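This report is written for a reader who is new to the structure shown below. It begins with one residue and then widens to the elements around it.

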Amino acid sequence: MKKANMLSSIIRDVPDFPKKGIIFKDITTLLQDADSFKTAIDALYGQYKKARIDSVVCVEARGFIIGAALAYKLNTGLVLVRKKGKLPYKTYSITYALEYGTDTLQIHQDAINKNSRVLIIDDVLATGGTIAAVSRLLKKCKANICGIGFLIELTFLNGRKKLKGYPVTSIIKY
Ligand code: AMP
């Protein structure tokens, strides 16, 4: 099996996607390789197996893939954070600033019990804006955020600054 530090070469860089100037980290090349996918999930599992997590919280859409595999391995529940209008039951919402405009994320009001130990998982930490918003959403649920884990961290964007106060880990750093 591969070592986690060998995974960076299997992620595909796609320049100018979805717009000019962005180098998109395409994780499909990692997901479609059984050995790499397993190595990545096992590395995250290694970080959190002793953290007594109750629920993994993940964000649509690529976060669902990583979050679901990890929740299965950690033997925890899986909680979905989705774009506005996608969740069918009563929700809490959070609106946050994007480069241009705003976006709104939602979670089901009954998704998390008060004080339960949650782990937030996403594919890429870029500016940190999305996950900072998710952390505020989880405060509305009175969750205890025990960790925030990413498959990839774009360190040059300093996303960790927006997540101050939370333990953040990432498997692959650029
Ligand atoms: P951010 O809020 O800036 O940390 O990024 C939010 C989401 O955008 C991440 O969860 C990724 O799914 C996606 N994203 C941002 N930058 C990139 C990138 N360079 N390559 C791939 N996905 C990205």
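## S170 and strand β9

S170 is found in strand β9. The model is a predicted one, and the values that follow are computed from it. With a relative accessible area of 6%, S170 is buried, since the cut-off for that term is under 20%. Two polar contacts involve the side chain of S170: one of 2.7 Å with the side chain of E153, and one of 3.2 Å with the side chain of K173. When neighbours within four places in sequence are left aside, the residues in contact with S170 are F150, L151, I152, E153 and R160.

β9 runs parallel to β8, and five bridges join the two strands.

## T104 in strand β6

Strand β6 also holds T104. Is T104 buried or exposed? Its relative accessibility is 13%, so T104 counts as buried. The side chain of T104 makes a polar contact of 2.8 Å with the side chain of T95. Not counting residues up to four places away in sequence, T104 touches R82, K83, K84, S93, I94 and T95.

Helix α2 (residues 34-48) contains A43. Beyond its neighbours within four places in sequence, A43 is in contact with A4 and I171. A43 and L151 are 108 residues apart along the chain, yet their C-alpha atoms are separated by 9.1 Å. L151 is also one of the residues in contact with S170.

## The ligand

How many residues surround the ligand, and which are the closest? There are 13 around it, and the closest are K25, D122, T127, G128 and T130. T130 places a polar side-chain atom 2.6 Å from an oxygen atom of the ligand.

A polar backbone atom of I23 is 3.0 Å from a nitrogen atom of the ligand, and a polar backbone atom of G129 is 3.4 Å from an oxygen atom of the ligand. Taken alone, the ligand exposes 490 Å², of which the protein buries 79%.

## Backbone details in the loops

Two cis peptide bonds can be described. One joins F17 and P18, with omega about 0 degrees; P18 is found in the loop between β1 (12-15) and β2 (23-26). Another joins E60 and A61, with omega about -5 degrees. A61 lies in the loop between β3 and α3.

N115 is not a glycine, but its phi is about 65 degrees. The loop between β6 and β7 holds N115, which is exposed, with a relative accessible area of 54%. K142 is not a glycine either, and its phi is about 60 degrees. The loop that holds K142 is the one between α4 (129-140) and β8.

Key. Residues are numbered from 1 along each chain as its sequence is written. This is a predicted model: local features need pLDDT of at least 70, side-chain atom pairs count only at pLDDT 80 or more; totals for chains, interfaces and linings use all residues. Side-chain values use heavy atoms; hydrogens and water are left out. Helices (H or I, at least four residues) and strands (E, at least two) are DSSP runs, numbered from the N terminus. Contact means heavy atoms within 4.5 Å. A residue is near a molecule or strand if one of its heavy atoms lies within 4 Å of it. A polar contact is a pair of N or O atoms within 3.5 Å; within protein, one must be able to donate a hydrogen and the other to accept it, and residues adjacent in sequence count only if both atoms are side-chain atoms. Accessible areas come from the Shrake-Rupley method with a 1.4 Å probe; for residues, only the protein chains shown count as cover. Buried means under 20% relative accessible area, exposed over 50%, partly exposed in between (1.4 Å probe, protein chains only). Two strands pair if DSSP finds at least two bridges between them.
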